[in-house]
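This report walks through one protein model, strand by strand and then around its ligand. Have the sequence and the 3D view open as you read.

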Amino acid sequence: MSGKSAVRQTIVQLLSHMRDGKEIREYLHRFSQVDQTRFAVVKVGGAVIRDDLEGLAAALSFLQTVGLAPVVVHGGGPQLDEALSAAGIASDKVNGLRVTPDAAMPVIRDALTDVNLALVDAVRAAGGRAASIPFGVFQADLMDEAVFGRVGEPTGVRRRLIEAAMHGGEAPVLACIGETPDGRPVNINADSAVRALVKDLQPYKVIFLTETGGLLDADGDMLSTVNLASEYDMLMEADWVTGGMRVKIAEIKRLLEDLPLSSSVSITRPEDLAKELFTHAGAGTLVRRGEKIFE
Ligand code: ARG
């Protein structure tokens with residue numbers, strides 16, 4: 001399928017879900033009103049890039065087709081595992097962070113740059129416009145070199161490259177390589193990078209594009225909405241919430257605490273992005289901070 005017809009398919013799919021155009025127009029109006037550096041931060045995992053690059057590219061260029069400007073951040077877990085093992089470097093994890101010896105840094109830089117360029121090329125092939133920004137954005141301090149090696153904790157975001165891309169009408173596509181104050185490259189965990197970016201840009205939407213496309217309940221059905229103010233404690237205690245899901249929910253809670261109440265997080269699949277954004281019912285899981293009714 002060519003890129004353009006993938007975008008067309010997204011639009012046809014969206015049209016088939018609407019009763020009338022009102023819903024879509026409302027959301028489009030709402031998303032267009034915010035300054036476009038503040039529309040959405042979209043996080044894409046390495047697995048989606050590996051398994052669904054075309055769908056992903058179609059979803060991102062679809063947003064541009066309707067005049068919206070996402071900022072994209074990507075990981076590269078599976079690609080890094082592969083590149084490091086090919087280079088004969090062990091990739092251990094401590095507390096979920098990839099221990100990064102000096103020798104791993106150039107391998108990680110090159111592998112993430114490849115992933116980054118593959119995504120940018122795919123967006124362009126789908127008719128979209130994208131700028132490759134594999135490094136130069138995240139400022140970071142070494143976390144604990146003795147334990148983690150060259151893993152950085154983000155301390156700030158240099159917006160210049162992001163803004164320059166956006167002024168040129170291109171979606172900035174960021175990889176998670178940071179620099180220490182003295183200019184040494186460091187490996188940054190993608191979720192930490194997203195948090196730093198979100199804190200700085202204050203987007204209206206934070207969108208996670210994943211393969212599952214949302215959080216699943218005890219029966220394996222998609223949770224449509226999560227209101228953290230009323231449901232967080234219940235979710236953290238529920239025995240059907242897996243360890244991985246608990247981490248994700250806690251992470252999203254932290255993200256939303258840095259944002260205005262009007263912002264929300266959506267977890268969805270690339271194929272469902274249009275429906276998630278432009279309909280009330282959505283397709284995926286919407287997480288809001290919500291407000292406590294009883295204190
Ligand atoms: N389109 C709206 C939004 O993106 C609502 C989405 C609802 N999604 C859901 N999974 N319940 O903010």
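Begin with strand β6 (residues 138-142), which pairs with strand β7 (residues 152-157) in the antiparallel sense over 5 bridges. Within this pair, alanine 140 has proline 154 of β7 as its bridge partner. β6 also runs parallel to strand β9 (residues 177-179), joined by 2 bridges. There, glutamine 139 stands opposite glutamate 179.

Some ground rules apply. The model is predicted: local features need pLDDT of at least 70, side-chain atom pairs count only at pLDDT 80 or more, and totals for chains, interfaces and linings use all residues. Residues are numbered from 1 along each chain as its sequence is written, and side-chain values use heavy atoms, with hydrogens and water left out. Strands (E, at least two residues) and helices (H or I, at least four) are DSSP runs, numbered from the N terminus. Two strands pair if DSSP finds at least two bridges between them.

**Strand β2**

Strand β2 covers residues 70-74. Is β2 buried or exposed? Here buried means under 20% relative accessible area, exposed over 50%, and partly exposed in between (1.4 Å probe, protein chains only). 5 of the 5 residues of β2 are buried, so the strand is largely enclosed by the rest of the structure. In a regular strand, side chains alternate between the two faces of the sheet. Both faces of β2 are covered. Pro70, Val72 and His74 are buried on one side, and Val71 and Val73 on the other.

β2 has parallel partners. Strand β1 (residues 40-44) is joined to β2 by 5 bridges, and the two run parallel. Valine 41 has valine 71 as its bridge partner in β2. β2 also runs parallel to strand β8 (residues 171-175), with 3 bridges between them. Histidine 74 stands opposite alanine 175 in β8.

**Strand β13**

Next comes strand β13 (residues 264-268), which is mostly covered, with 5 of its 5 residues buried. Both of its faces are covered too. Ser264, Ser266 and Thr268 lie on one side, Val265 and Ile267 on the other, and all are buried.

Which strands pair with β13? Strand β11 (residues 205-209) runs parallel to β13, and 5 bridges join them. Valine 206 stands opposite valine 265 in β13. Strand β14 (residues 285-288) pairs with β13 in the antiparallel sense over 3 bridges. Isoleucine 267 stands opposite threonine 285 in β14.

Alanine 283 lies in the loop between α12 and β14. Alanine 283 counts as buried because its relative accessibility is 13%. The C-alpha atoms of alanine 283 and threonine 268 are separated by 6.6 Å, though the two residues are 15 apart along the chain.

**The ligand**

How many residues surround the ligand? There are 13, and the closest are Ser224, Glu276, Leu277, Thr279 and Gly284. A residue counts as near a molecule if one of its heavy atoms lies within 4 Å of it. α12 (273-278) and β14 each supply at least two residues of this shell.

The table lists polar contacts, which are pairs of N or O atoms within 3.5 Å.

| Protein side | Ligand side | Distance |
|---|---|---|
| Serine 224, backbone N or O atom | nitrogen atom | 3.0 Å |
| Glutamate 276, polar backbone atom | nitrogen atom | 2.8 Å |
| Threonine 279, backbone N or O atom | nitrogen atom | 2.8 Å |

Taken alone, the ligand exposes 350 Å², and the protein buries 94% of that. These areas come from the Shrake-Rupley method with a 1.4 Å probe.

**Two loop residues with positive phi**

Most residues other than glycine have a negative phi. Asparagine 95 has a positive phi, near 50 degrees. Asparagine 95 lies in the loop between β3 (93-94) and β4 (97-98). This asparagine is exposed, with a relative accessible area of 69%.

Glutamine 202 also is not a glycine, and its phi is positive at about 55 degrees. Glutamine 202 is found in the loop between α9 (190-201) and β11. Its relative accessible area is 23%, so glutamine 202 is partly exposed.

Conventions
Polar contact = N/O pair within 3.5 Å; in protein donor to acceptor, adjacent residues only side chain to side chain.
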